[in-house]
Amino acid sequence: MMRHSKQFIITVLVLSLAAFHAAAQNPSDLLIGEVLVENTSGLTDDYGQRNGWIEIFNTSNGTVKFGGCYLSDDKSNLRKYHIPTSDRAAQVGPRQSALFFADGDASKGTFYTNFSLRKGSTLYLVSNDGRTVIDQIEIPSDLPADYSVVRVPTGVKGMDFETRVSEKPTPGSYNGDVDAKTKSQVMKEQDPHGWVLTLIAVMVVFTALLILAFIFGWIGNANKRGQEGPAKPKKEKKTADGKMTPEIAAAISMALSQELGGEVYAAIALALDDYLSGGIHDIESMVLTIKPSQSSSWANKTQTFRQLPR
């Protein structure tokens with residue numbers, strides 16, 4: 001089991017490294033960083049000549065090999081200049097730039113294109129399939145001499161760019177404020193001991209706990225009400241002053257009649273009648289004493305009782 005686990009972990013690591021390596025060498029991470037057409041007093045090439053130049057910038061955090069890609073200023077011919085794949089120098093490091101001189105003579109080396117730049121044209125960076133345009137940039141027709149068209153990042157970390165015309169070209173250098181600081185760097189300078197950040201974190205956690213407590217309390221009360229069901233109506237009191245009423249006596253008699261039979265019903269009814277009419281000679285706890293009546297046998301209910309035992 002342990003052996004299989006180790007093999008699984010090693011396989012995952014190898015695949016992860018391979019995926020990272022493949023992603024780090026994706027030509028789609030490249031863009032045209034800066035272009036200068038008319039170079040009269042700027043950068044000179046290895047032959048001491050001043051030509052227009054093209055800067056390719058790598059936006060990723062890994063090295064990208066661009067050998068096999070194409071540069072062109074003609075949309076109908078995207079394969080105008082093929083960057084040699086055999087040159088090991090045809091690669092650019094993370095957040096670095098590669099510079100091409102556009103003097104029209106590709107025999108000078110890998111970084112010399114076979115076409116010259118023209119104002120008013122569009123420059124294309126094409127993938128190694130010769131069809132997919134990775135990036136393109138339009139060159140203004142009124143671009144002054146020694147001015148460049150540059151892509152400037154709008155954030156220190158984020159690779160979002162805006163196109164500008166710059167009077168101070170920066171071939172092979174970072175396009176933007178090199179002294180710009182990230183938000184974390186600014187926070188570190190303003191709060192070197194981290195007290196502000198700690199206070200903010202505690203407040204966020206405490207607020208989140210209060211919100212969760214409110215939510216779970218509300219859910220619990222709602223579930224409790226759902227289990228109890230609708231509110232039951234209050235039972236009416238049997239008596240207003242704690243005494244027996246004729247209606248209650250009749251109800252009890254009917255219930256006993258159904259459960260115990262006619263004889264018991266008659267006895268209970270007679271007892272209740274005597275109780276309500278005041279015919280009981282005394283009050284004893286849990287005992288009903290029936291007083292014989294002086295009336296005729298026809299009206300005397302005691303004469304109908306059966307004597308037990310016989």
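Ring pairs join Tyr 47, Phe 101 and Tyr 112 into a cluster (rings of Phe, Tyr and Trp, the last by its six-membered ring, pair if their centres lie within 6.5 Å; planes under 30 degrees apart count as stacked, over 60 as edge-to-face and the rest as tilted). The model is predicted: local features need pLDDT of at least 70, side-chain atom pairs count only at pLDDT 80 or more, and totals for chains, interfaces and linings use all residues. Residues are numbered from 1 along each chain as its sequence is written, and side-chain values use heavy atoms, with hydrogens and water left out.

Five aromatic pairs are found in the whole structure. The rings of Tyr 47 and Tyr 112 are edge-to-face, because their planes stand at 70° with the centres 5.7 Å apart. Tyr 47 lies in the loop between strand E1 (30–36) and strand E2 (52–58), and Tyr 112 in the loop between strand E7 (97–102) and strand E8 (122–126), so the pair ties together parts 65 residues apart in sequence (strands, E, are DSSP runs of at least two residues, numbered from the N terminus). Tyr 47 is partly exposed at 48% relative accessible area, whereas Tyr 112 is buried at 4% (buried, under 20%; exposed, over 50%; partly exposed, in between; 1.4 Å probe, protein chains only). Phe 100 and Phe 111 form a tilted pair, 5.0 Å centre to centre with 45° between the planes.

Leu 71, in strand E4 (residues 70–72), is buried, with a relative accessible area of 0%. Beyond its neighbours within four places in sequence, Leu 71 is in contact (heavy atoms within 4.5 Å) with residues including Ile 54, Phe 100 and Tyr 124.

How values were computed:
Helix = DSSP H or I, 4+ residues; strand = E, 2+ residues; numbered from the N terminus.
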